[in-house]
Amino acid sequence: MAPVFKTKMTEMLGIEHPIMQGGMHYLSYAKLAAAVSNAGGCGILTAVTQPTPEDLRKEIRLTRTLTDKPFGVNLSFLPAATPPDYDAYIKVILEENIKIVETAGNNPGKYIEKLKAGGAIVIHKCVTVRHAKTAVKYGADMISMDGFECAGHPGMDDVGGLVLFPIAAREFAKMGVPWIASGGIGNGDQVAACLAMGAEGVNCGTRFMVTQEAPMHDNIKQRLVEADHTQTTLILRTLKNTERTFKNAEALKAAEAERQSPGDINVVRKFIAGSKYKVSFHETGNTEDSVWSCGQVIGLIDDIPTCNDLVERMMNDAKSAVVDRMKTIMVHSSL
Ligand SMILES: Cc1cc2nc3c(=O)[nH]c(=O)nc-3n(C[C@H](O)[C@H](O)[C@H](O)COP(=O)(O)O)c2cc1C
């Protein structure tokens, strides 16, 4: 599909459409990232989904056999009992000549500096403007502003995109920093609204989870199609590491354990282990027995399209929101 929008995001990343697929642990493998990039967006691999840096190297090379379009790698710095060897992952990212890196999480400063020194474009994803400003100080080229609706880690400020994005627009315009809107986005009307608010594009996680190419059991995709926007919940708030997850039996158990022992990671650890949802995603398709991220945008998801059909539809609908809706309600003489 021919490009509909040209923005700083499409120009900087060398992509056709201003849409990125955020890194998703245990989902952002070569197949999904390549499908998004082939659709004209920016696909992203998650570095630490790969057990070792050498496995990441293999996944990057596999992605290159599936697409000749730009794609990136996500590096998330989240609290962990035994943190991954981030420097070793960065070494591989740079050696493999990856030009787009999505960073997220705590204290990314020294890693951003390293990635920049190695020639990567760094898009730092965060949930507050103050964190964004710190990332920019360390050299981040673009900010992915994640509203409270998002899957994953929405933070502690609880500000939804409709307020957060205009604040981001105002603050980043002063700094001359491009930004993209993230969290809760799943259709073309929202893309048009985000561009109208000053975003250079959008980042989507949950919407790309429910696509043909997402490497996730069909039962879970189908369950997300059936779910409405109220079926997410927040856990780990008392640990100041809020996570928005699908509201299933296991997440409710985790929430109850946390309620009984606030702030105690030991009582929730057994519920939130990534290894549990890896099995649900890739093997059993059990929708209830593990805790995994998903966003409120499930209320807008009614089908399981290919990434190509999804990106095409979102771009066409974004265009239609501008041309068939906004232009037609404007008083003719003001045009
Ligand atoms: C299953 C799942 C796993 C995720 N894992 C990560 C991750 O490892 N690192 C990261 O930065 N973001 C992660 N995210 C967040 C997404 O990259 C993206 O920022 C978020 O989904 C945007 O909100 P949305 O889902 O409403 O589109 C994950 C999201 C989902 C749904």
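Which helix or strand gives the most to the shell around the ligand? H9 does, with three residues. Helices (H or I, at least four residues) and strands (E, at least two) are DSSP runs, numbered from the N terminus.

This is a predicted model: local features need pLDDT of at least 70, side-chain atom pairs count only at pLDDT 80 or more, and totals for chains, interfaces and linings use all residues. Residue numbers start from 1 along each chain as its sequence is written.

**Ligand shell**

There are 30 residues around the ligand. Gly22, Gly152, Gly205, Thr206 and Gly295 come nearest. A residue is near a molecule if its C-beta atom, placed from the backbone, lies within 6 Å of it.

By class, the shell has eleven nonpolar, 15 polar and four charged residues. Ala, Val, Leu, Ile, Met, Phe, Trp, Tyr, Cys and Pro count as nonpolar; Asp, Glu, Lys and Arg as charged; the others, Gly among them, as polar. Domain 1 (8-215 + 309-329) and domain 2 (218-296) each supply at least three shell residues. Their bounds come from an automatic or database domain assignment.

**The sheet**

Eight strands form an open, parallel sheet in the order E1-E8-E7-E6-E5-E4-E3-E2. Strands E1 (19-21) and E2 (43-46) stand at the edges with a single partner each, so one side of each has no neighbour in the sheet. Two strands pair if DSSP finds at least two bridges between them. E7 (residues 179-182) and E8 pair in the parallel sense over two bridges. Serine 182 stands opposite asparagine 203 in E8.
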